[in-house]
Every structure is written in C-alpha cells, then in structure tokens.
Amino acid sequence: MTPPLAAARVAVLVAAAGAGWEADVLERLERGGPALTLGKRCVDLTDLLASATTGLAAAAVVAPGLPGLDADSVATLQRAGVGVLVVGTAEELRDDEPERL
C-alpha cells in the first residue's frame with residue numbers, strides 16, 4: 001500500500017518593516033510546521049514585490065506601516081498569486097488609512 005502524500009507546505013513572504021511581531025513570526029515560520037514555511041524575509045516593498053513575481057511564495061504577511069504599501073501593490077501581489085495578510089495592532093489598523101489598501 002502506498003502511503004498518503006504529504007501536503008505541500010505554503011511558503012510565506014514576510015515584510016514587517018520592523019513591527020513588534022516580526023521576530024516571533026519569523027521564528028515560527030523558520031521552525032516550520034505542517035502547513036507553513038518561511039519563503040523570505042523581505043526588507044522593503046520593492047523586495048516583497050520582486051520576490052512575489054518569482055513564484056517563491058503563495059502568501060505574504062505585511063505590516064500596515066510598510067512604506068509604500070497601497071492598493072496597487074496589494075493588487076500586484078494578488079496578480080502574482082500571492083495572498084496578502086496585513087497584521088497589526090487594532091490601533092495601527094485603525095490609524096493607518098485603511099482606504100489606501
């Protein structure tokens with residue numbers, strides 16, 4: 001009998017702009033697990049967009065304060081097949097012009 005195939009792990013890009021949660025997320029993704037793995041820690045939006053277009057990852061975790069992050073950059077990520085999760089405190093998300101995304 002053939003064993004079942006292991007589910008593929010999803011590679012995640014992280015662009016946190018030094019957010020307080022960045023170290024914890026990087027550690028958890030580097031450690032890996034059954035579903036997620038760190039694709040790359042991106043230093044800025046340009047790095048994030050370039051990495052996304054390579055097909056390296058299927059998801060991106062970004063901070064709302066990432067300089068340059070706007071609706072156009074989110075659309076570029078989505079066109080590259082990358083899902084986007086914006087992570088921040090309630091205050092950051094409330095104060096950070098949500099209409100720009």
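**View A. The buried side of helix 3.** In helix 3 (residues 71-79), the residues Ser73, Val74 and Leu77 are buried, meaning under 20% relative accessible area, whereas exposed means over 50% and partly exposed lies in between (1.4 Å probe, protein chains only). Looking down the axis of helix 3, you will find its buried residues within an arc of 100°, so they line one face of the helix; the arc is that of the directions from the helix axis to the C-beta atoms. Helix 2 and strand 4 are among the elements that cover these buried residues. On the other side of helix 3, Asp72, Gln78 and Arg79 are exposed.

A word on the model: it is predicted, so local features need pLDDT of at least 70 and side-chain atom pairs count only at pLDDT 80 or more, while totals for chains, interfaces and linings use all residues. Residues are numbered from 1 along each chain as its sequence is written, and side-chain values use heavy atoms, with hydrogens and water left out.

**View B. The two ends of helix 3.** Aspartate 70 caps the N-terminal end of helix 3, with a side-chain oxygen 3.2 Å from the backbone nitrogen of aspartate 72. Just after helix 3 comes glycine 81, with a positive phi of about 85°.

View C. Strand 3 (residues 59-62) and strand 4 (residues 83-86) run parallel and are joined by four bridges; two strands pair if DSSP finds at least two bridges between them. Look for alanine 60, which stands opposite valine 84 in strand 4. Together, strand 3, helix 3 and strand 4 make a right-handed β-α-β unit. Right-handed here means that, with the strands pointing away from the viewer, the path from the first strand over the helix to the second runs clockwise.

**View D. Helix 2 and its neighbours.** Helix 2 (residues 45-53) has Leu45, Asp47, Leu48, Ser51 and Ala52 as its buried residues. Down the axis of helix 2, these fall within an arc of 160°, so they line one face of the helix. They pack against strand 1, strand 2 (36-41), strand 3 and helix 3. Thr46 and Thr53 are exposed on the face of helix 2 turned away from the buried side. At the start of helix 2, a side-chain oxygen of aspartate 44 reaches to within 3.3 Å of the backbone nitrogen of threonine 46. Just after helix 2, glycine 55 has a positive phi of about 80°.

View E. Serine 51 belongs to helix 2 and counts as buried because its relative accessibility is 6%. Setting aside neighbours within four places in sequence, serine 51 is in contact (heavy atoms within 4.5 Å) with Leu13, Lys40, Cys42 and Leu56.

**View F. Alanine 17 in its loop.** Most residues other than glycine have a negative phi. Alanine 17 sits in the loop between strand 1 (10-15) and helix 1 (22-31), and its relative accessibility of 46% makes it partly exposed.

**View G. The whole protein.** Four helices and four strands build the protein, counted as DSSP runs numbered from the N terminus (helices H or I, at least four residues; strands E, at least two). Their order from the N terminus is β-α-β-α-β-α-β-α. Of the 101 residues in the protein, 30% are buried.

Definitions and conventions: A polar contact is a pair of N or O atoms within 3.5 Å; within protein, one must be able to donate a hydrogen and the other to accept it, and residues adjacent in sequence count only if both atoms are side-chain atoms.
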